[in-house]
Amino acid sequence: MGARKSNAGQRPSARQLLAKELARLREESGKSLATLGEETTYDRAYLHKLETGTRVGSPEVIAALSAVYGAGEQLLMLWQLARHDAFRDKYKRFMELEEKATVRYSYAVGAIPGLLQTEGYAREVFQAARLRDEHELAEQVAARLGRQELLRRDNALHFRAVLDESVLRRKARDPKEWEKQLEYLLEVSQLPNVTLQVLPFEAGPHALLGTSVTILWLPDGKAVAYTEDAHSGELMEDATAVDELRLSYDLLRDLALSPRATVAFIKRLIEENKPCSPDPT
């Protein structure tokens, strides 16, 4: 019989630490999963998945468990470290690089970039992806919104986003949520490290037609790129391939509206989105 591989020396992930802590707290409390479910209003099967690390949870369920255990902010802090595990595997490497990046350029063709989404808009995007259940939806939304700290932390990322006009013409289903999303774009555009531009339909065909692109600049001067469509994504670290995308992005950016004209464009969309007043006659 071959020797069993040892896990000695391997560092546990934040997700594993969170799961172990949840299991420990429940064991110390003497509560059953059924009792815990009654006290938190979450079903026992879902709570079991949290304790085994199958699911990472959301701020809501972590807050409910913290209240029951009297854990203060400890569980929330662990969840904040573990939340990246809520993202699908194909994004993990990209997110590791995103955390380190000093500059990010994006071109969006399908939806508003995650760093600029409101909670309501993000929920609609994930609902369209037909996630397994409401718990997974909550986890994905919370993880996405958590990434937005990149724009507001002390060493904030410099972010330039070019939004294809089609992104802003495809409204959210809820008019109120869509208005909130448009107003949030105006708010974020005022941050000193954020530049927004709209690429109007009249710009015509270009090299990135139909493809969302993100380019990250890392502290060592290296650049990487991520391209994405509705069903797949590809991380590019080859310098030649990244340089080609950078050139295509630069040419596309030159076709876009200026930041000031973009703000005016979004304000017009907000006015167009408002319900028409009834005719007094």
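This is a predicted model: local features need pLDDT of at least 70, side-chain atom pairs count only at pLDDT 80 or more; totals for chains, interfaces and linings use all residues.

User: Now the charged pairs. How do you know that Glu51 and Arg26 form a salt bridge?

Analyst: The N to O distance between their side chains is 2.6 Å. A salt bridge asks for a Lys or Arg side-chain nitrogen within 4 Å of an Asp or Glu carboxyl oxygen, so Glu51 and Arg26 qualify. Glu51 is in helix α3 and Arg26 in helix α1 (residues 14-29), so this pair ties together parts 25 residues apart in sequence. Glu51 is also buried, because its relative accessible area is 12%, against a limit of under 20%. A search of the whole structure gives 19 salt bridges.

User: Why is Glu39, which has a salt bridge with Lys31, called partly exposed rather than buried or exposed?

Analyst: Glu39 has a relative accessible area of 41%. Buried is under 20% and exposed is over 50%, with partly exposed in between, so Glu39 is partly exposed. Lys31, at 22%, also counts as partly exposed. The N to O distance in their salt bridge is 3.1 Å.

User: What makes Asp250 and Arg253 a salt bridge?

Analyst: Their closest N and O atoms are 3.6 Å apart, and the limit is within 4 Å, so the pair is a salt bridge. Asp250 and Arg253 both lie in helix α11, 3 residues apart, or about one turn of the helix. Asp250 is at 29% relative accessibility, so it counts as partly exposed; Arg253, at 22%, counts as partly exposed too.

User: Which residues are linked in a network of salt bridges?

Analyst: Arg93, Glu96, Lys222 and Glu237 are linked in this way.

User: Turning to the sheet, why are β3 and β6 called edge strands?

Analyst: The open sheet has 6 strands in the order β3-β2-β1-β4-β5-β6, with mixed pairing. β3 (194-199) and β6 (233-236) each pair on one side only, and they are the edge strands. From one strand to the next, the twist averages 10°.

User: How do you know that β1 and β4 pair?

Analyst: Strand β1 (residues 103-108) is joined to strand β4 (residues 212-217) by 5 bridges. Pairing needs at least two bridges, so β1 and β4 are paired. The two strands run antiparallel, and Val103 stands opposite Trp217 in β4.

User: Which helix packs on this sheet?

Analyst: Helix α11 (residues 239-255) does, touching β1, β2 (158-164), β3, β4, β5 (223-228) and β6. The direction of α11 makes about 70° with that of β5. Asp250 and Arg253, the pair discussed above, lie in this helix.

Note on methods:
Residues are numbered from 1 along each chain as its sequence is written. Side-chain values use heavy atoms; hydrogens and water are left out. Helices (H or I, at least four residues) and strands (E, at least two) are DSSP runs, numbered from the N terminus. Axes are lines fitted to C-alpha atoms, for helices over the stretch in contact, and angles run from 0 to 180 degrees between N-to-C directions. Contact means heavy atoms within 4.5 Å. Buried means under 20% relative accessible area, exposed over 50%, partly exposed in between (1.4 Å probe, protein chains only).
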